[in-house]
Amino acid sequence: AHLDRIAAVDTDVHAFLHVDTDGALATAREVDAARAAGESLPPLAGVPIAIKDILVTEGLPTTAGSRILEGWVPPYDATVTRKIREARMPILGKTNMDEFAMGSSTEHSGYGPTRNPWDLDRIPGGSGGGSAASLAAWEAPLAIGSDTGGSIRQPASVTGTVGVKPTYGGVSRYGAIALASSLDQLGPCARTVEDAAYLHEVMGGHDPMDATSLNEPVPSCVEAARQGREQDLTGVRIGVIKELSGEGYQAGVEQRFEESLEKLKTLGATVVEVSCPSFTYALAAYYLILPSEASSNLAKFDSVRFGMRVEKATIEKTMGATRAEGFGDEVKRRIILGTYALSAGYYDAYYGSAQKVRTLIQRDFAAAFEQADVLVSPTTPTTPFKLGERIDDPLAMYLNDVATIPANLAGIPGMSLPSGTAPEDGLPTGFQILAPAHEDARMYRIGAALE
Ligand code: GLN
């Protein structure tokens, strides 16, 4: 049914870069046969899934949305890909994304944009617009995303779906093509909080192949979601982040946010206001740290080991020509920014200052979590904008992420869930829940209660 749905709508939506019809059907049939033979199967066996093209998949093309990797078929599986296969979930295909996960609209994909199923003239968010759109268009029931500054939560918000960025280190990054290693985290995308909880438990857990992987048990997300469904939040303290509202936030987004707060109160929660003054500098710090790490991570695309090669007279010219042709404008912009920020003489002033801001943001969160069990805000300041509207204005594009970036800088978990449509345009808005590191389960409880 999902493959039929993809065939029917994906020429319009363009959520997928690659659809693996044969592979998905083969896994589905194996699961059917195993079930008929009375074998015991893992909980999500037979449930199809779409995978963001940032995750390497043995035997399936992987491009990270970049032309420089066109035609590359990885010789191995990412840890999360392996877990999906072990869970016996049919892989429907690889989803579209902004090139190397740089963007908030999927317009920076080297293979053309994805469109928002709510309105095909609007963006599905980014960088994981393909994963979110595949859920909103009912092409897939579950998907995988990656979130470096909001790429799971912002697309979830603008497509009316659920997206979770786990605690940093909670899900292995082995085999996820790195954007900014200290910020990147893979996570579940779904249509309900409980569905996301099931996928989170499949993806999570310690992995010796990832040096930053947490050596602790996977949080009990499913149990927490079930608890949330009982709709009793007595004694739970919700902190509203003062800095993430007001100027720049669309009226309908704020209205729906307030309504969600009211609902939390009727379920027994208390709502307090908290202040995180350093958030003012979060976006600026992020756009120094991310390009710095990205410029280093992307050095490996050198025309020798992976993908595209534009042959010239010398190896230096070959590398230069390959990178000039293979990378898009946004990737080049960030490589230049990052190389500049890391260069001798500027390192302390830019990169060093940004790292200090990161510490201040972590302190703001620590103080706020003394007053509240979870913190909340709208996920994005506005509903989805039109394709083309911000493509020539990088700063306007970057502003999409003001509410999502602080969680990445601090390494804490974050969730976005639907908060209704804005009255003025009928488009989806999102409600963000943030929890202290390692307390991912808390978000599932509150999210499921609110859903
Ligand atoms: N939109 C943000 C950026 O462009 C977030 C990207 C991400 O989370 N991968 O960097």
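Guide: One definition before we start: a residue is buried if 20 or more other C-beta atoms lie within 10 Å of its own, with these C-beta atoms placed from the backbone. Please also keep in mind that this is a predicted model.

Visitor: Fine. Why does Val-13 count as buried?

Guide: Val-13 has 22 C-beta neighbours inside 10 Å, and therefore it counts as buried. The residue lies in helix α1, which covers residues 2–13.

Visitor: And what does Val-13 touch, leaving out residues up to four places away in sequence?

Guide: With those left out, Val-13 touches Thr-114, Arg-115, Pro-117, Ala-133 and Ala-137. As for Ala-137, it is 124 residues from Val-13 along the chain, while the C-alpha atoms of the two are separated by 7.8 Å.

Visitor: Ile-6 next: where is it found, and is it buried or exposed?

Guide: Ile-6 is found in helix α1 as well, and because it has 25 C-beta neighbours inside 10 Å, it counts as buried. Not counting residues up to four places away in sequence, Ile-6 touches Phe-16, Val-19, Leu-92 and Glu-139. From Ile-6 to Val-19 there are 13 residues in sequence and 8.5 Å in space, C-alpha to C-alpha.

Visitor: Changing topic, what is the strand order in the open sheet of 11 strands?

Guide: The order is β1-β3-β2-β4-β6-β5-β10-β11-β9-β7-β8, and the pairing is mixed. The edges are taken by β1 (16–19) and β8 (270–274), each of which has a single partner strand, so one side of each is left without a neighbour in the sheet. On average, neighbouring strands of this sheet are turned by 25 degrees against each other, direction ignored.

Visitor: In which sense do β5 and β10 pair?

Guide: Strand β5 (residues 162–165) and strand β10 (residues 414–421) pair in the antiparallel sense, over 3 bridges. Among the bridge partners in β10, Met-415 goes with Val-164, and Gly-414 goes with Lys-165.

Visitor: Which strands does helix α4 lie across?

Guide: Helix α4 (residues 129–136) lies across β1, β2 (49–52), β3 (91–95), β4 (142–146), β5 and β6 (186–190), and it runs at about 160 degrees to β4.

Visitor: Now the core: which residues touch the most other members?

Guide: In the largest nonpolar core, which has 124 residues, they are Ile-49, Ala-197, Val-374, Ile-433 and Tyr-444. Val-374, leaving out residues up to four places away in sequence, touches Ile-238, Ile-433, Leu-434, Ala-435, Arg-442, Met-443 and Ile-446.

Visitor: Last one, which residues come nearest to the ligand?

Guide: Of the 15 residues around the ligand, Ala-101, Ser-104, Thr-148, Gly-149 and Ser-151 come nearest. By class, this shell has 4 nonpolar, 9 polar and 2 charged residues.

How values were computed. Residues are numbered from 1 along each chain as its sequence is written. This is a predicted model: local features need pLDDT of at least 70, side-chain atom pairs count only at pLDDT 80 or more; totals for chains, interfaces and linings use all residues. A nonpolar core is a set of buried Ala, Val, Leu, Ile, Met, Phe, Trp, Tyr and Cys residues joined through C-beta atoms within 7 Å. A residue is buried if 20 or more other C-beta atoms lie within 10 Å of its own, exposed if 12 or fewer, and partly exposed in between; C-beta atoms are placed from the backbone. Two residues are in contact if their C-beta atoms, placed from the backbone, lie within 7 Å. A residue is near a molecule or strand if its C-beta atom, placed from the backbone, lies within 6 Å of it. Ala, Val, Leu, Ile, Met, Phe, Trp, Tyr, Cys and Pro count as nonpolar, Asp, Glu, Lys and Arg as charged, and the others, Gly among them, as polar. Two strands pair if DSSP finds at least two bridges between them. Helices (H or I, at least four residues) and strands (E, at least two) are DSSP runs, numbered from the N terminus. Axes are lines fitted to C-alpha atoms, for helices over the stretch in contact, and angles run from 0 to 180 degrees between N-to-C directions.
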